[in-house]
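Subject: Handover of a structure and notes on what was found in it

Dear colleague,

Please find the structure below, together with its sequence. I would be grateful if you kept it open while reading the notes.

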Amino acid sequence: MDKALLAFLIIPLFAAVLIPFAARYRPRMADILANVTLLAGLANLAWLALSPSMIASEFANLPGDGLSLLLVGAIYLVGLCVTFFSAWFLDENLPNRPAYYSLLLVSVAAMTGVVTSTDFFTLYVFVEVLAVTSFALITTDESFAGVEGALKYFFLTFPASALIIVGLAILMLTLGSLSYENLRIFMSSDIPAGPVTFGAALIMLGFIIKSGVVPFHAWTPDAYQGAYAPVSAHLAGIVTKISGVYALIKMATLLRFFDGRAQALSEMLMFLGLLSIAVGAIAALRQKDFKRMLAFSSISQVGYIVLAAGLGTPLALIGAVFHLFNHATFKTVLFLNSASVERSAGTTDMDKLGGLEHSMPWTSWTSVVALLSTAGVPPLSGFWSKLLIILALWESGLRTYAVLALLFSIVTLAYFMVMQRKVFFGKKTAAAESSPEVSAPLLAPAIVMCGLIVALGLLFPYFYTYLKVVAERIII
Amino acid sequence: MSSFAMEWYLIALLMFIGFYCMLVSRSIVRQLVGLEIVSKAAMLALISAGYWSNNLVFAQALLITMIVIEVVVVAAGLALLVKNFRLHGSADIWKLDSLKG
């Protein structure tokens, strides 16, 4: 474990234990405790990363490898947005309100554990904790769709865990230990890498299933669509990214894809990345449901991260990490907006919606900012991460991949334009007539995230110095 | 046959049985049983790896942790199963098809 960030794991866990007792007679205490915990953590992180002395020294003395700090920041940010949104979104008479917040905080703690782990077994333990909290969170409202999504998620992630364990066993047999450091040292030596790569490939397969990359994406749209509305923002924004994609990026750095020691694995990962960009984007074009379309778009965006991780050069890894962070910002906005639409208009079926921009202007315009960032329109933050990924591909001589990634970026813009026209623009339908704008607290998380998207895009040079430090540290 | 090969043969066989059980059965309960067999095979793989790489103590420690996790995951799975049975009145996996597109 990375000791410097241990407090960010333990404090939410402690708060999660405390909430059921504190909120026994006053359910509102649960909202307050969860929000205060995450807000305090976020303020602490901001001070850790953005204090004047840290900026003056160009982030030279960051704790740990910098990547975990950035991702803990993303986790707390999305967690705070979701808890703040839930505080006003949940039904007053939801019977298990304290349990809901406890589970959210445990999942934040487990994600922190995932990104600060330094060996594969710790990673596995926290990924399992995260999966169990997700099953429970998806079924919060006890709907048909929620239970169905959770069951599909369960039956695909559990065999993936078994594959990861077999991979761990083979790694132990050939390497003698499970720490990241040993694998890194082994891969930078000249010993033939055969069986170790096989073990790593099994672990990677497990994490590919968990992150919903295309041949194994069956559970992703169902789980996101069926989940309770704020939970789907939590799941799509951060949970599956941390439990699957983060591990893939970590493996890419440990297996040293950039010096070609595990060439076959690297090529496989890049191919799956491109496949998932293509299939996700094309499937998103023909969706009828708002949330399901966002889920397919999420698969497509994960494809970009996996593609960059498969390439594994320093520039590609900067792009992958940045796109992971950006994905957390824009997907949270879009899913929270879909929750607002569901609350206000009573449906997420795109054929029944239309003309919501007149009655819900704030929701409409925050969606526009988020979708332009997803499609990679300058100067928003999504543009820079996609640019880095495509540049890295071009630089390594993979012109076909670069051109295809660029083309599907245009398809992204196309399906989001279709979505925007069907849901927010166009003629008012019957469902849109009686749908007022949601209250200000429900809009606040989306507006804050939009501010972040614009700010990261405009202040990109500063953020790039940070990311360069991260990439240098995780590759050496 | 050496005992190393024997162990891994058994592991592969168990894993195949588990996946076969998952593939052919329609009932969610049977699928859960299949999953359990798969994960038991994975555990055997870990303990065998620990023995043959002289890391038995470490492997045992990992395995006990893993059993605890397993219990929690299975409890969550059974809870989902019961919830699904109460809502749908059946435990047939092929009837879970209300979400598609």
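Predicted model: local features only at pLDDT ≥ 70, side-chain atom pairs only at ≥ 80, totals over all residues.

Residues are numbered from 1 along each chain as its sequence is written, while chains are lettered from A and ligands numbered from 1 in the order in which they are written.

**Contact between the chains**

In total, 34 residues of chain A are in contact with 28 residues of chain B; two residues are in contact if their C-beta atoms, placed from the backbone, lie within 7 Å. The elements of chain A that give two or more residues to the side touching chain B are α6 (120–138), α7 and α10. Helices here are DSSP runs (H or I, at least four residues), numbered from the N terminus. With 19 residues, α7(A) gives the most to that side of chain A. The residues of this side divide into 22 nonpolar, six polar and six charged. In this scheme Ala, Val, Leu, Ile, Met, Phe, Trp, Tyr, Cys and Pro count as nonpolar, Asp, Glu, Lys and Arg as charged, and the others, Gly among them, as polar.

**Helices α7 and α10 of chain A**

How do the axes of α7 (residues 144–175) and α10 (residues 219–226) of chain A cross, and at what angle? They come within 8 Å and cross at roughly 145°. The axes are lines fitted to C-alpha atoms, for helices over the stretch in contact, and angles run from 0 to 180 degrees between N-to-C directions. The crossing of α7(A) with α10(A) is left-handed, a term used if the near helix is turned anticlockwise from the far one by less than a right angle. On the α7(A) side, the residues that meet α10(A) include A145(A), Y153(A) and L156(A); on the α10(A) side, W219(A) and A223(A) are among them. The residues of this contact divide into six nonpolar, four polar and three charged.

**The nonpolar core**

The largest nonpolar core has 212 residues, of which L168(A), L248(A), A308(A) and V321(A) touch the most other members. Such a core is a set of buried Ala, Val, Leu, Ile, Met, Phe, Trp, Tyr and Cys residues joined through C-beta atoms within 7 Å. A residue is buried if 20 or more other C-beta atoms lie within 10 Å of its own, exposed if 12 or fewer, and partly exposed in between. Helix α7(A) gives the most to this core, with 19 residues. Leaving aside neighbours within four places in sequence, V321(A) is in contact with L67(A), L70(A), I249(A), L467(A) and V470(A).

**The α2 helices**

Helix α2 of chain A (residues 28–50) has 23 residues and reaches 33 Å from its first C-alpha to its last, close to the 33 Å expected at 1.5 Å a residue. The expected span is 1.5 Å times one less than the number of residues. Among the buried residues of α2(A) are A30(A), D31(A), T37(A) and L45(A). What covers the buried residues of α2(A) includes α1 (6–22), α4 (67–89) and α5 (97–116) of chain A.

In chain B, the 25 residues of α2(B) should span 36 Å, and the end C-alpha atoms are 36 Å apart, which agrees. S48(B) lies in this helix and is buried, because 21 other C-beta atoms lie within 10 Å. Leaving aside neighbours within four places in sequence, S48(B) is in contact with E7(B), W8(B) and I11(B).

**Backbone features**

Most residues other than glycine have a negative phi, and most peptide bonds are trans. N54(B), in the loop between α2 (28–52) and α3 (56–88) of chain B, has a positive phi of about 55° although it is not a glycine. N54(B) is exposed, because 10 other C-beta atoms lie within 10 Å. R256(A) also has a positive phi, of about 50°, and is not a glycine. R256(A) lies in the loop between α11 (229–254) and α12 (263–285) of chain A and counts as partly exposed, because it has 19 C-beta neighbours inside 10 Å. Finally, a cis peptide bond, with omega about 0°, joins P378(A) and P379(A). P379(A) is found in the loop between α16 (361–375) and α17 (381–395) of chain A.

Yours sincerely
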